[in-house]
Amino acid sequence: MFKVKIKPHWEISRDAEQPLDTAVLLTLLTAIQETGSIANAAKQIGSSYRHAWGLLREAEKMFGHPLIQTGRGRGSELLPLAEKLIWADRRIAARLSPTLESLASELEGELSKAVSVQPQVIRLNASHGFAVAALLSQLNEQQVPVELRYRNSADAVAALAREECDLAGFHVPLGEFEEAAVAGYSHWLDKNKHCLIHLAVRNQGLMVAPGNPKHIVSLADLSRDGVLFVNRQPGSGTRMLLELMLSRQGLSPTAIDGFETAEFTHSAIAAFIASGMADVGFGVQTAAERFGLDFIPLIRERYFFAVPISVMKDPLMQQVIGILQSASFRDIVNQLHGYDGKATGEILPLAKAFKSLH
């Protein structure tokens with residue numbers, strides 16, 4: 001099966017000037033940030049010192065502002081504009097990567113059809129998450145053919161009901177909000193047709209800037225003056241959970257500044273906050289850790305794959321289950337901050353997983 005990779009790529013131009021390709025510039029700036037030296041950074045990216053200096057000067061000329069600060073004995077430091085460029089690139093990647101991965105998977109299928117090579121594939125629909133990404137990496141490593149669609153939990157389970165996928169990823173909170181969350185999926189899940197494969201338990205909570213400068217400790221703080229929130233998109237399981245929690249506490253979404261600002265992944269939420277564009281967001285602990293944010297845990301949830309019982313014995317599905325039940329994959333899940341892989345790979349009837357579906 002063909003493998004297609006699509007990566008975000010952006011340019012900057014000003015007035016009628018030639019556009020500046022940010023790819024090499026961002027690589028250089030990141031290397032300067034890591035090494036503290038233009039010379040070491042140039043060496044790290046395989047460039048000459050002269051070329052690195054020329055690239056920096058070209059960019060500074062276009063912006064009309066310096067990107068780095070140098071001093072005898074102090075090495076080189078990035079100035080705020082350079083840091084903003086790096087964060088912009090991370091935000092772009094966090095926001096677009098899932099969409100591009102899904103598009104790449106579609107292109108793989110189209111290319112296979114165009115040359116009359118149509119291998120059997122596992123059709124995976126799921127919201128973008130760190131354990132899901134880890135599974136995809138393992139499937140690719142073991143050359144298990146996958147057709148991927150990143151979509152929110154409700155859309156994934158709906159696609160399963162329409163027989164458009166073989167694995168539908170969705171998440172359900174533990175405790176008082178479980179029944180209400182399950183009710184949102186119940187008209188697509190059939191205990192006579194579907195079963196569940198447990199992927200992980202994970203922490204959801206508030207992501208805030210390092211040091212928590214706004215002193216945010218609970219959902220009630222989201223409506224304070226001067227606190228800017230960034231949300232997930234409507235239809236996502238995370239937004240549905242947040243709305244359940246706010247309702248239980250009698251908190252109005254309309255009182256939260258930024259509630260209608262929507263990002264499509266946990267990483268995009270974290271990047272939004274890390275770049276200074278918001279003070280707080282709601283998401284998983286792993287995203288906060290990867291973007292250097294503080295995290296306030298509020299709730300734990302289970303992430304499942306819903307699967308048609310009729311395909312459980314399929315050889316490809318058995319390969320997927322074998323990976324999920326392997327000790328090595330459980331180790332990978334356990335290494336994700338805020339994830340628990342103790343029950344990863346466990347197969348459950350719907351009625352056993354959720355009391356409300358008995």
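Basis of the entries. I am working from a predicted model, in which local features need pLDDT of at least 70 and side-chain atom pairs count only at pLDDT 80 or more, while totals for chains, interfaces and linings use all residues. Residues are numbered from 1 along each chain as its sequence is written, and side-chain values use heavy atoms, with hydrogens and water left out.

Cysteines. I searched the whole structure for disulfides, taken as pairs of cysteine sulfur atoms within 2.5 Å, and the search finds zero. For Cys165 the closest cysteine sulfur is that of Cys195, 13 Å away, which is too far for a bond. Cys195 is also buried, with a relative accessible area of 8%.

Cores. I then looked up the nonpolar cores, each a set of buried Ala, Val, Leu, Ile, Met, Phe, Trp, Tyr and Cys residues joined through side-chain atoms within 4.5 Å. The largest has 49 residues, and those with the most contacts inside it are Leu167, Leu199, Met207 and Phe305. Helix H5 (residues 130-141) gives the most to this core, namely seven residues; helices (H or I, at least four residues) and strands (E, at least two) are DSSP runs numbered from the N terminus. A second, separate core has 25 residues, among them Ala42, Leu55, Leu67 and Ala82.

Phe305. This residue is found in strand E12 and is buried, with a relative accessible area of 0%. Not counting residues up to four places away in sequence, I find that Phe305 touches, among others, Val132, Leu135, Leu167, Cys195 and Leu199, where contact means heavy atoms within 4.5 Å. The C-alpha atoms of Phe305 and Val157 are separated by 9.1 Å, although the two residues are 148 residues apart along the chain.

Helix H6. Seven of the nine residues of H6 (residues 153-161) are buried, so the helix is largely enclosed by the rest of the structure; Val157 and Leu160 are among the buried ones. What covers these buried residues includes strand E7 (167-173), helix H8 (237-248) and strand E12 (294-308).

Key
Buried < 20%, exposed > 50% of the residue type's maximum accessible area, 1.4 Å probe, protein only.
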